[in-house]
Amino acid sequence: MAVREVLKYPNDILKQYAADVTELTDEVKQIIQDLKDTMLDAGHSTGIAAPQIGILKRIITIDASRNKKCKENHGFMVMINPEIIEHSGTVTSREGCMSVPDFTGNVTRAERIVVSCFDENMQQTVLETSGFEAVLIQHETDHLNGMLFIDRVISKRTDLFKRKKY
Amino acid sequence: MDTHYYALSFVNTDCKGIVADTTKVLFDNGFNLADSSSTLLQGVFSMIFIVTNNKDYKEQEIKDMFKNVRSHMEVFKFDKKPEAKEGCHYSISVYGADKAGIVHTITKEIAKNNLNIIDLQTKITGGSPKVYIMMLEVVSDNENNENIWQEALKKTAKEINTQINMKKIEFYEL
Ligand SMILES: [Zn+2]
C-alpha cells in the first residue's frame with residue numbers, strides 16, 4: 001500500500017508513450033495497488049494513469065462512481081493495455097487533471113465508446129460505456145500516449161481556464 | 001515583498017508586431033504576465049493583460065513606459081489580488097434577427113437574477129437579413145434557483161423575438 005506522488009506538467013514523463021504490459025508480474029500488481037491508493041488519496045479524483053506516478057506502462061484505474069452525478073457506471077476498474085475500438089457521438093465537458101493543477105479546459109470527446117482491455121487478472125474484456133465514464137476512460141488513455149487535456153483544447157480563447165479553486 | 005497587480009488594456013488598428021512590442025516593454029520592466037486576452041474586433045486589435053510587479057508604480061509611470069508603442073492604452077491598478085467569482089457555470093447563447101438592444105435586454109435580466117457574466121462575445125452574420133449571435137458564460141452562486149432564472153431569461157428572449165439556449169457546464173475532475 002503506497003500513495004505515490006502525482007507528477008505534474010512540465011515533468012517530461014507525462015509527455016511520453018507508455019509500453020504495453022505483457023504479463024501480470026508482482027511489479028504490475030504493485031503498480032495497480034499504488035494507482036488505486038493514490039487515486040483514493042486524492043479526494044476528488046476519479047481516475048489515474050500509471051505515467052502520472054512516473055511509470056511508463058499502459059495501466060489505468062478508474063472509478064466513475066466517485067463522481068456523484070454519474071448515475072450509470074462500472075465502479076472501480078483496472079484497465080491494462082486499454083484500447084478504444086469503437087466510438088460515436090461527441091460531448092464537450094470542462095476537464096481538470098491532477099497533473100495540470102492550475103487549469104481546466106473544454107475538451108470534446110466521443111460520447112460513447114467500446115474499450116478492449118485486460119483486467120487486474122489479465123483477463124481480456126470488452127466494455128461499452130457512455131457519458132462521464134467514457135470521457136474518463138478517454139482522458140486516462142490519453143495519458144498512456146503522452147497526451148494531456150491541454151493538447152486537446154481547441155485554440156479558442158474561451159477554451160482554457162485558470163482554476164479558481166484548488 | 002509585496003506583489004502589485006495592474007490591468008493594462010491596448011487597442012490598435014495596426015496590429016503587426018504589436019504583441020511583441022508590448023510584451024518587450026513588459027519584460028524589460030520586470031512585469032510578470034498573469035493572464036491575458038487579445039483578439040481582433042472588426043480590424044481593431046484589442047489586448048488586455050493582467051500583470052504583476054514587485055514595484056509599486058503609479059498608473060502614469062506605466063503609461064510612460066509604453067509611450068513608444070503605437071497604441072491607445074489604459075492602466076488600472078489594484079489594491080489587492082483580483083479574485084474570480086466561484087460557483088456554478090452556465091453557457092448561454094442567444095440569437096435572432098439583428099436589432100438594437102439585444103445585448104442590453106438580455107444582460108439586464110442576467111444582472112437582475114444575480115448572475116455574473118465572466119465571458120461575453122457577440123457576432124453579426126454578414127448575410128441578409130443579418131443575424132445577431134451572443135455567447136455568454138455566467139456564474140451563479142449555486143444551482144438552487146436555476147429553473148427560476150432560466151425561465152425568466154426564456155421569457156425575456158421570447159419578448160424580443162430571439163432564441164436562447166442555456167446549459168450547465170459540466171466540470172469533470174479526472
Ligand atoms: Zn489526467
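How many residue pairs are in polar contact across the interface of chain B and chain A? In this predicted model, the count comes to six, with both residues of each pair at pLDDT 80 or more. The largest share, four residues, belongs to β6(B).

In a salt bridge between Glu143(B) and Lys69(A), the side chains come together with an N to O distance of 3.7 Å.

The extent of the interface can be described next. The size of an interface is often given as the accessible area lost when the parts come together. Here, about 1,900 Å² is buried between the two chains, and carbon and sulfur atoms give 49% of that area. Within chain B, the residues that lose the most area to chain A are Tyr172(B), Glu173(B) and Leu174(B), which together make up 43% of what that side buries. In terms of residues, the contact draws 26 from chain A and 21 from chain B.

Strand pairing links the chains as well. Strand β4 of chain A (residues 91–97) runs parallel to β9(B), and three bridges join the two. Within this arrangement, Phe171(B) of β9(B) has Arg94(A) standing opposite.

Terms used: Residues are numbered from 1 along each chain as its sequence is written. Chains are lettered from A and ligands numbered from 1 in the order in which they are written. This is a predicted model: local features need pLDDT of at least 70, side-chain atom pairs count only at pLDDT 80 or more; totals for chains, interfaces and linings use all residues. Side-chain values use heavy atoms; hydrogens and water are left out. Contact means heavy atoms within 4.5 Å. Buried area is the accessible area (1.4 Å probe) that two parts lose on being put together, summed over both. A salt bridge is a side-chain nitrogen of Lys or Arg within 4 Å of a carboxyl oxygen of Asp or Glu. A polar contact is a pair of N or O atoms within 3.5 Å; within protein, one must be able to donate a hydrogen and the other to accept it, and residues adjacent in sequence count only if both atoms are side-chain atoms. Two strands pair if DSSP finds at least two bridges between them.
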